[in-house]
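Good morning, and thank you for making time for this.

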Amino acid sequence: MKLKQISSWISNQAMKDELQNSLIKSWLLEEGPITSRIKSNESFKLTLIKEQIEKVEQLEINFLGKNLGHIKIREVILYGDEQPRVFARSLIPVKTIDQGFSKLGELGTKPLGDILFEKETFKKVEVVFAKFTNSKDIFWGRKAKYLVKTLPLSVMEVFLINSNE
């Protein structure tokens, strides 16, 4: 899925001030696993696009933190009733896998949300919001930074609900 970010990352309050669509806002502010929300109303499927160590852009490194070494990039699409609902991109430093939580390195086609909400293990420390496009539609997304044993990972989710409608 080819999405291009078309706005800067903004705070929760700035997003609430700008976005009027209550359905999209409810997805952006969802506190629990997105997979659970999809599963509650639709048949769920996850497609793994990639899961490999790659070079990460400087802005992504700045969000995660410096001197983290190699970073695994994991991209998936979450489907509800065979329709793409969410594009997710996770950045998981190898150090976070090795010294924080080894199951992060063994996800494969399992949803990250199935383990991310174990409160004793993961702590959400920051969330920001931005707009994206696929050249015809506008979507909103969020990016969250989590810590596991003081080591970071980030999860970006773009909700595939056209905000132009």
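I will go through the nonpolar cores and then the aromatic pairs.

This is a predicted model, in which local features need pLDDT of at least 70 and side-chain atom pairs count only at pLDDT 80 or more, while totals for chains, interfaces and linings use all residues. Residues are numbered from 1 along each chain as its sequence is written, and side-chain values use heavy atoms, with hydrogens and water left out.

A nonpolar core here is a set of buried Ala, Val, Leu, Ile, Met, Phe, Trp, Tyr and Cys residues joined through side-chain atoms within 4.5 Å, where buried means under 20% relative accessible area, exposed over 50%, and partly exposed in between, using a 1.4 Å probe and protein chains only. The largest such core has 15 residues, and those with the most contacts inside it are Leu28, Ile34, Leu78 and Trp140. A second, separate core of 14 residues includes Ile92, Phe101, Leu107 and Leu112.

Turning to the rings, the structure holds 3 aromatic pairs, which are rings of Phe, Tyr and Trp (its six-membered ring) with centres within 6.5 Å, called stacked if the planes are under 30 degrees apart, edge-to-face if over 60, and tilted for the rest. In one of them, Trp9 and Phe132 have ring centres 5.8 Å apart and planes at 65 degrees, so the pair is edge-to-face. Trp9 is partly exposed at 25% relative accessibility, whereas Phe132, at 4%, is buried. Phe101 and Phe122 also form an edge-to-face pair, with centres 5.4 Å apart and planes at 75 degrees. Phe101 is buried at 15% relative accessible area, and Phe122 is buried at 5%.
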